[in-house]
Amino acid sequence: MNQIKQICKCNICGNIVEILHAGVGNLVCCNQPMEKLVEKTQQEEGFEKHLPVIEKKGSLIKIKVGDVLHPMEDTHFIEWIEVVEDGVSYRKMLNPGQSPEMQIEVGDGEIFVRSFCNIHGVWKSDKIIKGETGKISFNQFEKVDLRIAKVLEAVALDGSDKLLKLSVEMGDETRQILAGIGKFYKPEELVGKKIVIVANLEPRMLLGQESQGMILAAKDEENLSVLVVEKGIASGIKIS
C-alpha cells in the first residue's frame, strides 16, 4: 500500500514523483518498479549537512538545510525544500549555486520539513527551534571572524573618561579600535599585548573617530579583563 506524500524515484531515468492518492500496487517507470525513498532523520550519518534546521519566530519559519549549509554544486546539491503544515505542502525548488534556505509564513498547525539531496535522498525533521532562545547555528558562529591582534599604541580619547584609542597590528594590516576600558586599564598597560578582536564588524564612528573592530573582554560587577593570548602566536592568526 502506498502512502500519501511518499516520494518515489526511478533509478534508471531519475524521475521523481510524490504520491497524492494512496492506491495499491507499485509505481513503474522505464519498465522497472520505482524505489520508495526512506525519509532519513537525525539518526542517519551525514545529518549535519542534510537535515533541515527549522527556526520559528511568531508566524515566520526559516529553514536551512544542515547545521553546516549543504553544498550547492553542479553534481551535488539540494533540489528542493518542502514545508508541510497539517497536510498542506509548500515547496521551493533550488538550483546549483543557490543557498539551500527557505522562509514562509505558517499558522499554528503541525509542521514538518523535508529536503531532497540529489545524491543522498530525502531528509525529514519536525524539530522547531524557537527564535526567542537566542541560540545561533554553527554556520552563524563560523561567520564571526576572531583574530589575534598586537597592540602597537594606546591613548586616552579626548572627550571621554573611558574610551581608549588602540592601534593594533593584525598580520600585515594595522587598524584603529576604540574600546571602553579606560576605567580599568592605563593605556601603557596594553601596549605590546596580544589581544583577541572581532575583525569583521562593520566600522562605526565614536566621538568622531572610526573604530574598525571590537576587542573581547570579560566583566563582572567590579572588574574587567581583556582577553590576552599568552603564548607566542603571531598577530593576524584566525581563532577557530
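This is a predicted model: local features need pLDDT of at least 70, side-chain atom pairs count only at pLDDT 80 or more; totals for chains, interfaces and linings use all residues.
R91 is partly exposed, at a relative accessible area of 37%. Both residues belong to a network in which K5, E18, E39, E82, R91, R114 and K124 are joined through salt bridges that share partners. The whole structure contains 11 salt bridges.

R114 forms a salt bridge with E39, with the closest N and O atoms 2.7 Å apart. Because E39 lies in the loop between strand 5 (35–36) and helix 1 (47–50), whereas R114 lies in strand 11, this pair ties together parts 75 residues apart in sequence. E39 is partly exposed, at 31% relative accessibility. A salt bridge also links R114 to E18, the closest N and O atoms being 3.6 Å apart. E18 is located in strand 2 (residues 16–18), so its pairing with R114 in strand 11 connects parts 96 residues apart in sequence.

Strand 11 (residues 111–117) also holds S115, which is buried at 1% relative accessibility. The side chain of S115 reaches the backbone oxygen of H50 at 3.1 Å. Beyond its neighbours within four places in sequence, the contacts of S115 include P52, V65, W80 and W123.

I136 is situated in the loop between strand 13 (128–130) and helix 2 (138–142) and is exposed, with a relative accessible area of 54%.

Notes
Residues are numbered from 1 along each chain as its sequence is written. Side-chain values use heavy atoms; hydrogens and water are left out. Helices (H or I, at least four residues) and strands (E, at least two) are DSSP runs, numbered from the N terminus. Buried means under 20% relative accessible area, exposed over 50%, partly exposed in between (1.4 Å probe, protein chains only). A polar contact is a pair of N or O atoms within 3.5 Å; within protein, one must be able to donate a hydrogen and the other to accept it, and residues adjacent in sequence count only if both atoms are side-chain atoms. Contact means heavy atoms within 4.5 Å. A salt bridge is a side-chain nitrogen of Lys or Arg within 4 Å of a carboxyl oxygen of Asp or Glu.
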